[in-house]
Amino acid sequence: MSRIPAEAGRVLVFGASGYIGTHLVPRLLAAGFHVRASARNPSVLEGRGWDGVEIAKADALVPQSLDETLADVEVAYYLVHSMSAGRGFARIDLEAAENFRKAAERQGVRRIVYLGGLIPDEPGSEHLSSRRETGECLRSGKVAVTEIRAGMIVGPGSAAFEVIRDLVNYLPLMITPRWVRSRSTPIGLDNLLEYMIRLPYLAGTAGQCYDVGGPDILTYETIMRQYAELVGRHPVIIPVPVLTPRLSSWWLRLVTSVPTNIARALIEGLRHDVIADDAAARRLVPLELTSFRDSAQAALDAERNEPCPARWVEGSIACRNHNPRYSFYARRASGSTITRAPLDELWRQITAIGGRNGYYYLNFLWHIRGLMDRLIGGPGLRRGRRHPVELKVGDTVDASRVIALEPERRLTLLMEMKLPGSGVLEFDIQPESDGHRITATAYFHPAGIWGLLYWYLLVPVHHVLFKGLTRAIAKRAEVAASGSETR
């Protein structure tokens with residue numbers, strides 16, 4: 001475990017809600033650093049339960065939000081990207097990097113640490129080119145930059161790792177493109193974090209770029225087979241020449257729950273071998289590197305030992321029935337309504353849902369689904385509620401269980417029906433200029449191909465149902481508030 005250098009000041013993790021940031025912050029804390037974590041939506045960070053961490057709201061595309069976040073910062077970890085924006089994300093990445101670089105200069109930041117990607121000699125994808133250009137943009141300013149370049153990161157939530165996991169979990173037979181024979185040097189999450197914490201504080205690393213990787217040079221086919229062995233699967237993998245990375249990215253969106261634009265960007269970069277030349281990094285930070293197989297096993301073990309979160313968190317094993325074969329990333333559908341109803345009345349209606357109070361909108365559909373669940377051995381809607389209007393964590397609400405509750409803000413229900421996957425239903429209240437927005441969102445972690453088919457069949461129903469449900473909650477709250485005023 002790294003320890004804080006004597007001269008270390010405040011450290012900023014910019015993009016702390018992402019995969020790497022979520023794991024880097026607690027490691028920095030454990031090493032004794034004074035950490036500030038930022039995200040566009042700080043409520044996500046508040047749900048992490050990081051004691052002693054400063055939480056800041058900042059967006060690299062909103063320059064006026066950056067100076068306060070970067071004030072009094074010695075070292076800033078830059079961990080944001082825009083792959084989820086789809087086509088043209090490289091332009092957005094450059095704009096964000098330029099804004100951040102200028103703000104860091106104004107605030108006197110001593111070092112920027114940028115996590116980039118391994119770059120082949122002739123990158124043919126927007127993703128790989130963008131990673132290189134973002135690093136160049138950050139290095140073009142007055143603040144010294146240490147760039148760390150990695151390929152596939154092996155750990156729960158890593159997009160590239162989750163694509164591999166979904167393919168293995170969902171497809172017993174894979175007709176794959178030739179890129180499965182491309183070679184890479186996947187690196188375990190723990191090894192990467194150790195490099196990220198130690199390299200920036202070593203003499204001579206300012207202005208330098210370092211490749212980092214694991215000890216294995218593996219094809220993606222071998223990676224899939226090794227992971228499959230760990231989870232007891234034996235997929236048949238048949239590479240064919242007609243499936244290009246672009247074509248495979250189109251069908252991949254039907255199979256993996258990794259956000260579509262991110263999966264597409266990753267896949268289009270797989271036509272190249274991406275092998276780390278990590279001699280310099282290993283000389284400076286001599287680690288015992290972990291093999292892919294051991295890193296993947298560590299990822300599975302980490303999930304099994306994960307504590308139940310205080311609220312729904314993407315990928316939480318507790319929200320996936322403690323089954324790592326379920327998709328890490330959730331499919332989602334939601335509906336929302338803005339209302340002028342008083343906050344306390346809105347919350348009262350939300351927490352009274354279910355049991356004898358019913359579901360306010362298309363109630364017959366809820367009962368049909370409950371009956372179907374009972375016929376296949378599930379609880380259906382027969383469990384009811386402990387109390388007609390009050391809720392606490394652990395309470396049952398028909399076929400659901402309360403796993404998180406933040407009064408007058410958020411209610412999270414884990415669905416306990418028989419499902420080809422695991423589902424969460426979350427109600428969220430946010431202030432608006434003209435009242436409050438109430439949102440109902442279903443998050444579903446598919447289990448195999450049947451889970452995906454189940455989700456696709458219900459998506460149209462969910463969008464109609466949740467829009468109507470939030471309207472009904474708002475209407476009931478408005479009527480209740482109006483009645484109390486006239487009494």
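Analyst: Let us begin with S295. S295 is buried, its relative accessible area being 6%. The model is a predicted one.

User: Why is S295 called buried?

Analyst: Buried means under 20% relative accessible area. S295 has 6%, so S295 is buried. This residue is found in helix α12. Leaving aside residues up to four places away in sequence, S295 touches V154, G188 and T290.

User: Which residues make the contact of α8 with α12?

Analyst: From α8 come I223, Q226, Y227, E229 and L230, and from α12 come F292, R293, A296, Q297 and L300. Sorted by class, the contact of α8 with α12 has 6 nonpolar, 2 polar and 2 charged residues.

User: At what angle do the axes of α1 and α7 cross?

Analyst: Helix α1 (residues 19–30) and helix α7 (residues 189–198) have axes that cross at roughly 65 degrees and come within 10 Å. The crossing of α1 and α7 is right-handed. On the α1 side the contact is made by Y19, I20, H23, L24, R27 and L28, and on the α7 side by L189, D190, L192, L193, E194, M196 and I197. The residues of the contact of α1 with α7 divide into 9 nonpolar, 1 polar and 3 charged.

User: How do you know that the span of helix α6 agrees with its number of residues?

Analyst: Helix α6 (residues 159–170) has 12 residues, and at 1.5 Å a residue these should span 16 Å. The end C-alpha atoms of α6 are 16 Å apart, so the two values agree.

User: What makes α6 mostly covered?

Analyst: Of the 12 residues of α6, 11 are buried. Among them are F161, E162 and R165.

User: Why does P156 count as buried?

Analyst: The cut-off for buried is under 20% relative accessible area. P156 has 14%, so P156 is buried. P156 lies in the loop between β7 (153–154) and α6. Not counting residues up to four places away in sequence, P156 touches Y19, H23, F161, E162, R165, A299, E303 and F328. P156 and L300 are 144 residues apart in sequence, while their C-alpha atoms are 7.6 Å apart in space.

User: How do you know that S184 is buried?

Analyst: The relative accessibility of S184 is 2%, so S184 counts as buried. S184 lies in strand β9 (residues 183–184). Residues up to four places away in sequence not counted, S184 touches D216, I217, L218, Y220, I223 and V274.

User: What is said about phi of Y360 and phi of D398?

Analyst: Most residues other than glycine have a negative phi. Phi of Y360 is near 70 degrees, a positive value in a residue other than glycine. Phi of D398 is near 60 degrees, also a positive value in a residue other than glycine. Y360 lies in the loop between α13 (343–351) and α14, and D398 lies in the loop between β15 and β16 (400–406).

User: Why are Y360 and D398 called buried?

Analyst: Y360 has a relative accessible area of 16%, so Y360 is buried. D398 has a relative accessible area of 2%, so D398 is buried.

User: What makes G378 buried, and what does G378 touch?

Analyst: At 3% relative accessibility, G378 counts as buried. G378 is found in the loop between α14 (363–375) and β15 (396–397). Not counting residues up to four places away in sequence, G378 touches D373 and K418. From C-alpha to C-alpha, G378 and L419 are 9.2 Å apart in space, and they are 41 residues apart in sequence.

User: How many helices and strands are in the chain, and what share of its residues count as buried?

Analyst: The chain has 15 helices and 19 strands. Of its 487 residues, 56% count as buried. Among contacts between residues at least 6 apart in sequence, 72% join residues at least 24 apart.

Terms used
Residues numbered from 1 in each chain as written. Predicted model: local features only at pLDDT ≥ 70, side-chain atom pairs only at ≥ 80, totals over all residues. Heavy atoms only, no water. Axes fitted to C-alpha atoms, helices over the stretch in contact; angles between N-to-C directions. Helix = DSSP H or I, 4+ residues; strand = E, 2+ residues; numbered from the N terminus. Left-handed = near helix turned anticlockwise from the far one by under 90°. Contact = heavy atoms within 4.5 Å. Nonpolar A, V, L, I, M, F, W, Y, C, P; charged D, E, K, R; others polar. Expected span 1.5 Å × (residues − 1). Buried < 20%, exposed > 50% of the residue type's maximum accessible area, 1.4 Å probe, protein only.
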